[in-house]
Amino acid sequence: MTDSAQDRARALAPIFAAMAPEWDRTRRYPWPNVDDMAAVGLMGMTIPREYGGQGASWIDVVLAVEEVARECALSARILVESNMGAISAVMAYGTDEQKAFCADIVLAGDKPAICITEPEAGSDATAMQTTARRTDSGYILNGTKHWITGGGVSKLYLVFARVIGKGGRDEGIGGFILHRDPAAGIDPAGFGVIRRERTMGLCGMPEAELRFTDVEIPAARALIPPRGFADLMTAYNSQRVGAGTIALGIAAGALDRATQYLKQREQFGRPLAEFQGLQWMLADMDTQVHAARLMLHEAARSDENGFPDRNLAARAKLFASEMAVKVVNDALQMFGARGYSDAEPLERMARDVRMFTIGGGTAQVLRTQVAGHRLAIRIPQTREGYTPPAQVIAAE
């Protein structure tokens, strides 16, 4: 393909915009959009060429995600998660067999689900209680995961669990690859989708509670990184950059719509664009969007063991997510009552954008991280009385 990922995404964006209200209203997963993205090579484009991907960079993904998010945040989220997060962890730390196996599924149009959060383990991920007990042939998975994005529609799941070794010794946290595709007759015994949350935004994306009851995981599906949980979470830095970019795209789309509306709408015999108060609002919105874009591009181009720098990713996601909430609300305000109705996409955008100060690291957790970096201190992130071992999963 000679055109860039950004060009391909820009070409699809108007198509996605036309269907975005339907996915929101019906709460359906946008399979036609997924098929379109897979057809033009946007799904799994960061996968290395030797496994069928394009070896695209993080900045390639960021540029494409912003274009899609301007029109359909739901599709942009799928685009992020087929290129960042779980699949990037597998590509960085998996075996050749694991990489090839996962690449084929993602390139065919799957959005992998990363399973970290539990009912009692949210921001404190190390408090998780899901266990993977070692057996002679692999692991037995037991536990519950909550707020799993794509739960029930995803085919690949990267499940984080506390490894219990032979003799009952806690070996820390590791990642495990689970494949589920009921349509193809692949439905692991003991895996269940318990319920789906009814969210205020991004309504076509399942946020599910999953239960694992004696689910058998072959040893070949255990993701064993050099330094365990810390390395797996380093891969999550790309996910944060992606989440921040979705927020940026929503804000940029709202800014575009507000700009056009101010030029067209007249009150008191002149266009709204001639009112200084609205001009100043628009100037602030434009400046904030531009600043967030620069921060996200800086993070995407940075490097920490092959992933975006942890602090730059946290800072960019924090700023972009909070900026986007304000910009979208200001754009809605400019539209007045029309912005508050579903005659315009702004009311949907206001609901969609709200998630990004929460998911992928809350604004408060990210502030703690940025402050810790600034102060050159380690902010405790583990539950009291527990220190994860340096080697989370030790090869026997």
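# Close-up views of a predicted model

**Figure 1. Phe268 in the loop between two strands.** Phe268 lies in the loop between β9 (266-267) and β10 (270-271). The model shown here and in the following views is predicted. Although Phe268 is not a glycine, its phi is positive, at about 55°. Most residues other than glycine have a negative phi. Phe268 counts as exposed because its relative accessible area is 77%.

**Figure 2. Trp147 in strand β3.** Trp147 belongs to strand β3, which covers residues 138-149. Its phi is positive, about 55°, although Trp147 is not a glycine. With a relative accessible area of 41%, Trp147 is partly exposed.

Figure 3. Helix α1 comprises residues 5-26, 22 residues in total. From its first C-alpha to its last, α1 reaches 29 Å, close to the 32 Å expected at 1.5 Å a residue. The buried residues of the helix are Ala5, Arg8, Ala9, Leu12, Ala13, Phe16, Ala20, Trp23 and Asp24. Among the elements that cover these buried residues are α2 (31-39), α3 (58-69), α4 (73-81) and α12 (346-353).

Figure 4. The side chains of Arg10 and Asp7 form a salt bridge, with a distance of 3.4 Å from N to O. Both residues lie in helix α1, 3 residues apart, which is about one turn of the helix. An α-helix has 3.6 residues a turn, so residues three or four places apart point the same way. Arg10 counts as partly exposed because its relative accessibility is 40%. Asp7 is likewise partly exposed, at 36% relative accessibility.

**Figure 5. Arg27 after helix α1.** Arg27 follows α1 and has a positive phi, near 60°. This residue is found in the loop between α1 and α2. Which residues does Arg27 touch, not counting residues up to four places away in sequence? They are Glu22, Arg196, Arg198, Thr199, Cys203 and Gly204. The side chain of Arg27 reaches the backbone oxygen of Thr199 at 2.9 Å. The C-alpha atom of Arg27 is separated by 8.5 Å from that of Pro206, and the two residues are 179 residues apart along the chain.

Figure 6. Arg240 is placed in helix α8, which spans residues 236-264. Arg240 is buried yet has no salt bridge. The nearest side chain of opposite charge is that of Glu304, 9.7 Å away. A salt bridge requires a side-chain nitrogen of Lys or Arg within 4 Å of a carboxyl oxygen of Asp or Glu. A polar atom of the Arg240 side chain lies 3.0 Å from the backbone oxygen of Gly360. Leaving aside residues up to four places away in sequence, Arg240 touches Ala313, Lys317, Gly360, Gly361, Leu366 and Gln369.

Figure 7. Glu322 and Arg367 form a salt bridge in which the closest N and O atoms are 2.8 Å apart. This pair links distant parts of the chain, with Glu322 in helix α10 (residues 310-335) and Arg367 in helix α13 (residues 363-375), 45 residues apart. Glu322 is partly exposed, at 31% relative accessibility. Arg367 is partly exposed as well, with a relative accessible area of 39%.

**Figure 8. The salt bridge of Arg338 and Glu344.** A salt bridge joins Arg338 to Glu344, and the closest N and O atoms are 2.6 Å apart. Glu344 counts as buried because its relative accessibility is 16%, and buried means under 20%.

**Figure 9. A network of salt bridges.** Salt bridges link Glu66, Arg70, Asp256 and Arg293 in a network. The structure holds 28 salt bridges.

Notes
Residues are numbered from 1 along each chain as its sequence is written. This is a predicted model: local features need pLDDT of at least 70, side-chain atom pairs count only at pLDDT 80 or more; totals for chains, interfaces and linings use all residues. Side-chain values use heavy atoms; hydrogens and water are left out. Helices (H or I, at least four residues) and strands (E, at least two) are DSSP runs, numbered from the N terminus. Buried means under 20% relative accessible area, exposed over 50%, partly exposed in between (1.4 Å probe, protein chains only). Lys and Arg count as positive and Asp and Glu as negative; His and the chain ends are not counted. A polar contact is a pair of N or O atoms within 3.5 Å; within protein, one must be able to donate a hydrogen and the other to accept it, and residues adjacent in sequence count only if both atoms are side-chain atoms. Contact means heavy atoms within 4.5 Å. The expected span of a helix is 1.5 Å times one less than its number of residues.
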